[in-house]
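Please open the model in a viewer and keep the selection panel at hand.

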Amino acid sequence: MPELVIGDVHIPHGLCLAPLAGVSDRTFRRMARRYGAEYTVSEMVSAKALCYEQSCRRPSAQARLRTAPLAAVMREEYPMAVQLFGAEPEFVAQAARLLESGEYLGCCGEIPPAVIDINMGCPMAKIVNNGEGSALMKDPARAEAIVRAVRRAVSLPVTVKIRAGWDAEHVNAVEFAMRMEQAGADAICVHGRTRAQMYAPGADWEIIRRVREAVTVPVIGNGDIFSADDALRMLRQTGCHGVMVARGAQGNPWIFRAIRCAMEGLPYTPPTLSERLQTAMEHAEGLVREKGERTGIAEARRHMAWYVHGVRGAPAARNRLMRICSLEELSEIFSELRMGNESDGTVTKNMEKTGENP
Ligand SMILES: Cc1cc2nc3c(=O)[nH]c(=O)nc-3n(C[C@H](O)[C@H](O)[C@H](O)COP(=O)(O)O)c2cc1C
């Protein structure tokens, strides 16, 4: 059984939900926690934007701050990390300090994050062109300076999320991770792909194993976990202390429960179609509650499409799901899907066999 301890934060089975910009908002994280995730990470938050927001003077503009709410942590979310991205050590450190103190404009959380995570893996051009995200893997001295600065600024545990390297010619995760450990990182999450690979299939778990052997702090393995079997294989092959699931949890928060059952040798019963749709509905309702009807429904569309993956009739339903304008419309589509699948048990059986997302 893996044991993951990050500073003073204990994650009993090492079951982590990954940061997913535009996806892992509070509603998504709540669903993941409900079905077994033990540790979650916020969407990535710009350190510089958080710092700049602090100079906002007009009350009307203060009411519309966009960055601070992304970093909000509710009591029920403990232990949760907030992930910062940035290239300037002083900004990242200042943002971490703000998060720890909770004394900043736009702060709407109830508790500080349990952990500060630093993004060193984002591959997007607009991020790496600023020297942020995975560009830091090409500049280990800067990455090290960031970790040291954050380490000095806060007493919270500090972690980094890295990739295998920049591209096939620059796979430097092992040396890079050792430097981050020396700079004060309390744990290292390794996504087994280079920046050049973006999210293409075939994550390299061997690099996770090599990092695990090279550092003494805990290592969290990430990349291509879409089932309980995948998670157990990663744990076995790499010796990592915890697993982090990203796309495998989209529309499938049950993956954490499935992994936990597999770890404990217990039978796992996947959700029935009805349970699946009920959870999807609650997810959509949560988004509407958190973000208002217009944004909530717009954001619910792709989550709903993920939830119906593998269900008979899903392709046609998905087209309609991508255009819903209300919870009522969603409820209607789900009723039709339920009725269309009541005649035989095929769908449920299929879902039980895979119990997962693509
Ligand atoms: C839509 C999307 C958004 C992401 N956002 C973030 C992010 O904000 N911070 C981060 O460190 N990684 C982010 N990632 C990367 C994931 O956390 C994860 O490392 C990657 O998807 C590999 O894991 P997987 O194979 O389980 O999906 C994102 C990935 C996707 C697909």
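How many nonpolar, polar and charged residues does the lining of the largest cavity have? The lining has eight nonpolar, one polar and one charged residues; Ala, Val, Leu, Ile, Met, Phe, Trp, Tyr, Cys and Pro count as nonpolar, Asp, Glu, Lys and Arg as charged, and the others, Gly among them, as polar.

This is a predicted model, in which local features need pLDDT of at least 70, side-chain atom pairs count only at pLDDT 80 or more, and totals for chains, interfaces and linings use all residues. Residues are numbered from 1 along each chain as its sequence is written, and side-chain values use heavy atoms, without hydrogens and water.

First, select the lining of the largest cavity, including Tyr39, Asp117, Thr159 and Cys189. A cavity is a set of points on a 1 Å grid over the protein atoms alone where a 1.4 Å probe fits but cannot get out, and lining residues have an atom within 4 Å of a point. The largest cavity has a volume of about 50 Å³, the volume being the space filled by probe spheres set on the points, which are joined across faces, edges and corners.

Next, select Phe28, Met31 and Ala32, which are among the residues lining the second largest cavity. That cavity holds about 40 Å³ of space.

Finally, select the ligand. Among polar contacts (pairs of N or O atoms within 3.5 Å), a backbone N or O atom of Ala21 lies 2.7 Å from a ligand nitrogen atom. A backbone N or O atom of Ala246 lies 3.1 Å from a ligand oxygen atom.

Technical notes:
A polar contact is a pair of N or O atoms within 3.5 Å; within protein, one must be able to donate a hydrogen and the other to accept it, and residues adjacent in sequence count only if both atoms are side-chain atoms. On a 1 Å grid over the protein atoms alone, a cavity is a set of points where a 1.4 Å probe fits but cannot get out, and a pocket is an open set with protein on both sides within 12 Å along at least five of seven lines; lining residues have an atom within 4 Å of a point.
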